[in-house]
Amino acid sequence: MKVSNRVLKLKPSTTLETAAKAKKLAEKGINVLNLALGEPDFNTPENIQDAAVKAIKSGEASFYTAVSGQKKLIEAVISRTKEDYGIEYEPNQVVVGTGAKFILFILFQALLNEGDEVIIPSPYWVSYGEQVEICDGIPVFVEGIESNHFKVTVEDLEKVTTNKTKAFILNSPCNPTGAIYTPEELEKIGKWAVKHNILIVADDIYGKLVYNGNVFTPIATLSEEIKKQTIVINGVSKSYAMTGWRIGYALGDEKLISQMVKIASQATSNPSAVSQYAAIEALTGNQEQVEKMRLVFEERLNLTYKRLNEIPGVKIDKPQGAFYLYPDISECLELCGYDNVTDWVNDLLEEAHVAVVTGEGFGTSKHIRLSYATDLETLDLAMDQIIAFVNKKQ
Ligand code: PLP
């Protein structure tokens, strides 16, 4: 069967690929310490599970809902966004879909014509560039200064702005670096976007996962003008430990949202009804579990950051949010006799049974991404095994 040129151009997700390799080793009975995962290791909180069971048993979850999500869920998204960040949206400015990943996909489908450019700060979450390309757009990657957590400035953005620039992706807190933009940095970026009429795609999915006194400011809160220029992407996967339920959402301009709904209506129809009931409870129910999980992540970050600094040739600034560390291991590669990071990552998995992700999927060639969404004991042991691996190679 001859498949499409579109799919031949597409790269598989590096993070999912690493996870699959780790799983294969685990199936052979090997105890793999998996720091490759992009999902919380907690079970979904019980009140959320109960709401889903109730909706199944009562029959409420048996039917299609409105494509953009049932009314109660749209209201829940609006009230959670208002309570958390003080910004207000109307129901026709919200769409709920099958995970934030699919929401981004229908956004690019609705937004981009062939050759339209989307500016993406590098390192970036693996799917942004690939999704833009599937939708006939051109990803334009721009790298900030590493000593400023790779954050991009308006000067960096001006250099790559053209009359084809349609959107800019802002992911703060960032996957993979954990960096958070300050209100001052965001204000400048917001003004730049307004000046050039560039849509800000604010992927705020890690907004509740910030640590050690750092604060997340959503760019849409800075002014009415900037809010109008922004589409907010969010979801329940990361903050409510609900990756498997597949519920994400967007808030923004009603005309754009209605076009995204049109695409979803021909692609998936509504997101799973049972997951919608779970998400209503997540967004409107008791929020204590969110804070409990955040505190656990904070402790894990502090331990792993400290231990990472014990590995010869590893450099890292402390991440502020999300649940990843993105150290520069170039010196370590040299010490170990490697000329590329991907071989080092593959050997680390094969020989030391620790799964991490190569920075190459995130756009840089001398970094690795480690996730601390796993228990302290695993993290501690993984650090021991990485140190032993590096010492053996030297
Ligand atoms: N955005 C970022 C930055 C992510 O890291 C992820 C998941 O890894 C997503 C969006 C998608 O999340 P989901 O599709 O689970 O809602």
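Predicted model: local features only at pLDDT ≥ 70, side-chain atom pairs only at ≥ 80, totals over all residues.
Domain 1 is made of two stretches, 5-44 and 289-393, while domain 2 covers 61-284. Taken over C-alpha atoms, the centres of domain 1 and domain 2 are separated by 25 Å. Where the two domains touch, domain 1 supplies 35 residues and domain 2 supplies 32 residues. On the side of domain 1 that touches domain 2, two or more residues come from each of α1 (5-9), α2 (14-27), α12 (288-308) and β9 (324-325). Of these, α12 provides the largest share, with six residues. Sorted by class, this side of domain 1 holds 14 nonpolar, 13 polar and eight charged residues.

Attention can now turn to the ligand. Around the ligand there are 13 residues, and those that come nearest are Gly99, Ala100, Lys101, Gly235 and Ser237. The shell divides by class into eight polar, three nonpolar and two charged residues. Helix α5, which spans residues 99-111, gives the most to this shell, contributing three residues.

The helix α5 also has a helical partner. Helix α6 (residues 127-134) packs with α5 at an angle of about 35 degrees, and the two axes are 9 Å apart. The crossing of α5 and α6 is right-handed. From α5, the residues Lys101, Leu104, Phe105 and Phe108 take part in this contact, and they meet Ser127, Gln131 and Val132 of α6. By class, the residues of the contact comprise four nonpolar, two polar and one charged.

Asp253 sits in the loop that links β8 (248-251) to α10 (254-267). Is Asp253 buried, exposed or partly exposed? With 16 other C-beta atoms within 10 Å, Asp253 is partly exposed, because a residue counts as buried at 20 or more such atoms and as exposed at 12 or fewer. Lys227 lies 26 residues from Asp253 along the chain, and the C-alpha atoms of the two residues are separated by 9.2 Å.

How values were computed. Residues numbered from 1 in each chain as written. Near = placed C-beta within 6 Å. Helix = DSSP H or I, 4+ residues; strand = E, 2+ residues; numbered from the N terminus. Nonpolar A, V, L, I, M, F, W, Y, C, P; charged D, E, K, R; others polar. Domains from an automatic or database assignment. Contact = placed C-beta atoms within 7 Å. Axes fitted to C-alpha atoms, helices over the stretch in contact; angles between N-to-C directions. Left-handed = near helix turned anticlockwise from the far one by under 90°.
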